[in-house]
Protein chains: 2
Amino acid sequence: MTPEEFRRLGHRVVDWVADYRERVAGLPVMSRVAPGEIRAALPSSPPAAPEGFEAILGDLDRVIVPGLSHWQHPRFFGYFPSNGELSSVLGDYLSTGLGVLGLSWQSSPALTEVEEVVTDWMRQMVGLSPAWSGVISDTASSCTLVALICARERASAFSLAGAGLQGQAAPLVVYVSAQSHSSVEKAALLAGFGRENLRLIQTDGARAMDAAALARAVAADLAAGRRPCAVVATSGTTATTAFDPLEAIAAVTDGHGLWLHVDAAMAGSAMILPECRHLWAGIERADSLVFNPHKWLGAAFDCSLYYLRDPEHLVRVMSTNPSYLQSAVDDRVRNLRDWGVPLGRRFRALKLWCLIREQGVEGLQRRLRRDLDNARWLEEQVRREPGWSLLAPVALQTLCLRHEPPGLAGEALDRHTLDWAGRVNASGEAYVTPAVLDGRWMVRVSIGALLTERGHVAALWETLRREAASQA
Amino acid sequence: MTPEEFRRLGHRVVDWVADYRERVAGLPVMSRVAPGEIRAALPSSPPAAPEGFEAILGDLDRVIVPGLSHWQHPRFFGYFPSNGELSSVLGDYLSTGLGVLGLSWQSSPALTEVEEVVTDWMRQMVGLSPAWSGVISDTASSCTLVALICARERASAFSLAGAGLQGQAAPLVVYVSAQSHSSVEKAALLAGFGRENLRLIQTDGARAMDAAALARAVAADLAAGRRPCAVVATSGTTATTAFDPLEAIAAVTDGHGLWLHVDAAMAGSAMILPECRHLWAGIERADSLVFNPHKWLGAAFDCSLYYLRDPEHLVRVMSTNPSYLQSAVDDRVRNLRDWGVPLGRRFRALKLWCLIREQGVEGLQRRLRRDLDNARWLEEQVRREPGWSLLAPVALQTLCLRHEPPGLAGEALDRHTLDWAGRVNASGEAYVTPAVLDGRWMVRVSIGALLTERGHVAALWETLRREAASQA
């Protein structure tokens, strides 16, 4: 495709996206297609000859859009928000259009240095001290894997240079809470620790990690000759947005030289609001943390930030230095290939740069406060409504709720919950996520899509009540 | 940013990118900025109030572009090509604009099913049998890490569900060639095997893995009570595009139940040409392979494909199934979160879908054959020119060459090579990558940027000779 064709078709693509964002509120939020339906609508073999781009745009409307659940919809309340603010989308467009790679600083110096600048802007925005360095990654799953590998190598005196995890006399142990995200357990297993060496620490009434239970578990492992290695704490759990007590946890990790990694994937965005920072008090005592500007904050996916206090250790674990990647300035620059797993690196910093500049810190703060207000409003409605329960404190913008008709309990209540939640999603009017809490299904309502105003939350509340009241 | 503002500014961004692609040939290929220069040109703190997008576009021209090495430049001969074909760029624009995520099939069914369709198109395009399933990842580094973790778990009977790599009675061993990419060693170390359990198998005269040496190493480990686990073979090494003999290697891996992973990151693209497929004869005997359409083929970075023969094993290693990610159709769909490390997933399939449809398989083949022709032309020039050497067979489109003035050898020759290569890059006329081969510096010329025609290769050859002949 020539630049002139790109100019013409690119305008059409931009118009298509602008139209999509304008009309998205009118689409059913959750896709209604059946498994295999999209696949069956597409040719099973690639075209030998070129097709016009018009045909592709036609298929987009005809086949693709009906197969999407619309994350940018104002009545998307599922999972956590994944906002692609349009200023950030344009930043990503610039990155893809430039097509430059950051294999090393020299392979495109601005890519590395803008990343240094914007990750430091973000550090300041969430109130972290200058002791932290940041790097952009794809997802929190990847960052937590990096953190646990770094913890493993610190605790084992760089076993990767020797016999690896296969040469450990006594097993290294990792501690997480039962409420931590599935990616935390996955990271521990992929890093080779083994499930037997993963402790699920109990949580308190607010579903935050019980630091006393953590201390007991560490003591028991030490007594048994095992070696406590790392704790992954969560600031804002997936189920209920609970905050593990970082100060109390750090008192345990400090005492035994354990690595403390904090998963703030969702709640990190909230820390641009000074009034929320008490929720992660103690964060300065952690070794590493991850938060995802591609969630609530509005950076187009994927944009996950890994912050760490000891870049030298990270680089020692991750570095490779083959001749074809060396340059004369390597001692004076950051080579971000040594700050994570992938060698290749997009110019992801541009989407964060565009987001922060176009919105301004105050603009971002204003939107997040709007969402917190909307969550408090819905919380009030639920509290006032007979037959409805809130199952957890509303720390930020996610509510855990359930309709509990008199006389329903146990599995019957579960069936009722899944039924009405299923009807809500099938209605196309809203998208919510059922999840299990304390062994029973409930419904998560996560407020914070870009377009979600009070009216959309009020409409959701109507839909929830209507479907809960209707017969299955 | 409203959709209307996005429409207006999006047109400007598209025009900016079109202009950039039109004028890129006139820019110095390699950036000339000094370390810290870009960082110093940007504010050290984020803006409190919103800035206009115009200011951002201004900074792009003023600050960013001078800090880039231009990978889409017709005289970019560094590393390997990383082509962002403009049809693929538009596919990525659609993905970012839609802002949908594939956490599970249900979270946007089309995202998963288009990925199934295009990875199967690509399987057919490179001539793999239907026994292979594909999934899109970010980079070959990540895919190779996944492959080695899968190998580890197969050899250890799913140790992750038990004591992990910490509970192995006899160490698992991984075999690679000394010419394999740095990401392979990195993956083995991150997966916990340890450097002591990583064997660098010697290569033959063509710098391909010596299968007899591999067999001897496996036998020696078995005799010593260690457990051979996996071989990573390379189809198209980074230094010289050498191809490890897959049939002979498979004869070793088959005999001992070792996992065979093939790194075809660069050369996978070549396999859309039937005349190249003899180079990876035996590929059907591998367990997994990675190739990167974001290199020569033209998919906008990042788009790395992981193909595997046993998805059930992969899913068993990678799966997590928390309640908030479950849906009623899970037994009938692919949930791609269980096909790799990250949970979140962009709609990356769109950029491959747009590339293949807009170019057609024949269009892609034609371009790759053009590049092969250009490489053969340059090869002839180098062969005919006194004082110049080709250091490896030209299997595809990458040449390894050196200017060797009479009387120069050893470190003096190294200094000469690095000097003239440095002058070539500093001239801005072309970008080449110095690398070490057999202990001596040489220069890699990797042909295959989208815009590179015969004239650009001829101009490069002039620049190479001029700078090699000039006094340092």
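In this predicted model, 154 residues of chain B are in contact with 154 residues of chain A. Between the two chains about 13200 Å² of area is buried, and carbon and sulfur atoms contribute 64% of that area. On the chain B side, the residues that lose the most area to chain A are B:Gln166, B:Tyr324 and B:Arg357, which together account for 7% of what that side buries.

The interface of chain B and chain A holds 14 salt bridges by the rule applied. One of the residues named above, B:Arg357, forms a salt bridge with A:Glu51, with the closest N and O atoms 2.9 Å apart.

A helix pair also spans the two chains. Helix H1 of chain A (residues 3-23) packs with helix H4 of chain B (residues 86-98) at an angle of about 10°, and their axes lie 10 Å apart. Because angles under 35 degrees count as roughly parallel, H1(A) is roughly parallel to H4(B). The crossing of H1(A) past H4(B) is right-handed.

| Helix | Residues in the contact |
|---|---|
| H1(A) | A:Pro3, A:Phe6, A:Leu9, A:Gly10, A:Val13, A:Trp16, A:Val17, A:Tyr20, A:Arg21 |
| H4(B) | B:Leu86, B:Val89, B:Leu90, B:Tyr93, B:Leu94, B:Thr96, B:Gly97, B:Leu98 |

By class, the residues in the contact of H1(A) with H4(B) comprise 13 nonpolar, three polar and one charged.

Terms used. Residues numbered from 1 in each chain as written. Chains lettered and ligands numbered in written order. Predicted model: local features only at pLDDT ≥ 70, side-chain atom pairs only at ≥ 80, totals over all residues. Heavy atoms only, no water. Axes fitted to C-alpha atoms, helices over the stretch in contact; angles between N-to-C directions. Helix = DSSP H or I, 4+ residues; strand = E, 2+ residues; numbered from the N terminus. Parallel < 35°, antiparallel > 145°, perpendicular 65-115°, else oblique. Left-handed = near helix turned anticlockwise from the far one by under 90°. Contact = heavy atoms within 4.5 Å. Nonpolar A, V, L, I, M, F, W, Y, C, P; charged D, E, K, R; others polar. Buried area = accessible area lost by both parts, 1.4 Å probe. Salt bridge = Lys/Arg side-chain N within 4 Å of Asp/Glu carboxyl O.
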